[in-house]
Structures are given as structure tokens and as C-alpha cells.
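Subject: Structure handover

Hi there,

Here is the structure I promised to pass on to you.

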Amino acid sequence: MGGLPEVPGTDSLGLRDRAILETPCATGLRRTELCNLDVYDVDHEAGVVLVRGGKGCRDRYVPIGGHALDAIRSYFREARTRLAGRASGPALFLVLITHRRLDEKTWGLPRTKIKRILCWLGTTRPGRGGS
């Protein structure tokens with residue numbers, strides 16, 4: 001099965017990637033739904049996330065677990081401001097180079113990390129599925 005894949009570090013990108021990995025696991029969000037999250041969509045007190053325009057273009061609330069909330073809090077407090085630029089807006093997950101919202105085109109780096117972890121866990125085969 002190989003060794004444990006590289007775990008996201010504690011730098012800005014590592015904190016972002018950890019939050020990106022934890023959130024879909026805790027909520028079942030699709031990739032596009034994750035990319036479309038804004039800072040104010042996460043209700044830390046209620047433990048829910050507002051998904052806007054999800055499947056069927058419907059808004060819905062989904063519960064989110066404590067580990068994912070902790071990862072988002074750490075990312076938001078310690079890293080998001082370093083990744084943000086003037087044009088960042090309310091997007092939750094940002095890209096270092098553009099300082100803008102993570103999207104399908106900029107998903108590549110976190111996606112490869114997610115695939116490595118899923119392959120290591122045995123939930124998908126290399127080159128197939130997995131987000």
C-alpha cells in the first residue's frame with residue numbers, strides 16, 4: 001500500500017489544504033460546492049455549512065464535524081489573510097498565485113493530494129475517481 005502520503009503542513013497552504021481535505025469528508029460536499037463556499041457560509045456556532053446553488057440549483061444546510069470546523073478556523077485565523085489580495089472577496093478557499101477563489105482550474109494541487117490520500121486509504125485506484 002506504500003507509506004502515508006504527505007500530510008498538509010502548518011504553513012498557509014498546508015492549513016488551507018487541511019481544511020479543503022477535512023470539509024468534504026465531514027459534509028459530503030461536491031468539489032464545485034466546496035469551491036463556491038464563502039467565509040460567511042460556515043456557521044461555527046450551529047455547526048452547519050450553507051451550500052448555495054448545489055445540485056439542482058438548491059440551497060441547503062449541511063452539518064459539519066468538529067475536526068473540519070477546527071481546520072477551517074485554523075486556516076481562517078492563521079492563513080487566509082496571507083493568501084488574500086484585494087480581489088479575494090468573501091471566498092473561503094483562496095489560491096496563492098491569484099489570491100482569488102479556488103475553482104475547477106486551480107483545483108489541481110489540492111486534488112492531487114486528495115487523490116494520494118484516497119489511494120493510500122484504498123478507497124480508489126491511482127488514476128481513477130477520487131474527487
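Below are my notes on the sheet, on one aspartate, and on the salt bridges.

One thing to keep in mind is that this is a predicted model.

Three strands form an open sheet in the order 1-2-3, and their pairing is antiparallel. Strand 1 and strand 3 are at the edges with a single partner strand each, so one side of each has no neighbour in the sheet.

Strand 1 covers residues 42-43, and two bridges join it to strand 2 in the antiparallel sense. On the other pairing, four bridges connect strand 2 with strand 3, residues 60-63, again antiparallel.

How are the two faces of strand 2 covered? In strand 2, residues 48-51, Val-48 and Leu-50 on one side are buried, and so are Val-49 and Val-51 on the other.

The hairpin of strand 1 and strand 2 has four residues between the strands, and Gly-47 there takes a positive phi near 70°.

**Asp-38**

Asp-38 sits in the loop between helix 2 (31-35) and strand 1. Is Asp-38 buried or exposed? With a relative accessibility of 7%, Asp-38 counts as buried, because the cut-off for buried is under 20%.

Which side chains does the side chain of Asp-38 meet in polar contacts? One is that of Tyr-40, in a polar contact of 3.0 Å. Another is that of Arg-101, in a polar contact of 2.5 Å. Leaving out residues up to four places away in sequence, Asp-38 touches Pro-90, Ala-91, Leu-92 and Arg-101.

The pair of Asp-38 and Arg-101 is also a salt bridge, with 2.5 Å from N to O. Arg-101 counts as partly exposed, at 27% relative accessibility.

**The salt bridges**

How many salt bridges does a search of the whole structure find? The search finds six.

Among them is the pair of Arg-60 and Glu-33, whose closest N and O atoms are 3.1 Å apart. This pair, too, links distant parts of the chain, as Arg-60 belongs to strand 3 and Glu-33 to helix 2, 27 residues apart. Glu-33 is buried, with a relative accessible area of 6%, whereas Arg-60 is partly exposed at 27%. Arg-30 joins in as well: Arg-30, Glu-33 and Arg-60 are linked in a network of salt bridges.

Another salt bridge is formed by Asp-70 and Arg-73, with the closest N and O atoms 2.9 Å apart. Both residues lie in helix 3, residues 66-78, three residues apart, which is about one turn of the helix. Asp-70 is partly exposed, with a relative accessible area of 42%, and Arg-73 is partly exposed with 28%.

**One more residue**

Arg-31 is in helix 2 and is partly exposed, with a relative accessible area of 24%. The C-alpha atoms of Arg-31 and Ile-20 are separated by 9.6 Å, and the two residues are eleven apart along the chain.

Happy to talk any of this through.

Best wishes

Technical notes
Residues are numbered from 1 along each chain as its sequence is written. This is a predicted model: local features need pLDDT of at least 70, side-chain atom pairs count only at pLDDT 80 or more; totals for chains, interfaces and linings use all residues. Side-chain values use heavy atoms; hydrogens and water are left out. Buried means under 20% relative accessible area, exposed over 50%, partly exposed in between (1.4 Å probe, protein chains only). Two strands pair if DSSP finds at least two bridges between them. A polar contact is a pair of N or O atoms within 3.5 Å; within protein, one must be able to donate a hydrogen and the other to accept it, and residues adjacent in sequence count only if both atoms are side-chain atoms. Contact means heavy atoms within 4.5 Å. A salt bridge is a side-chain nitrogen of Lys or Arg within 4 Å of a carboxyl oxygen of Asp or Glu.
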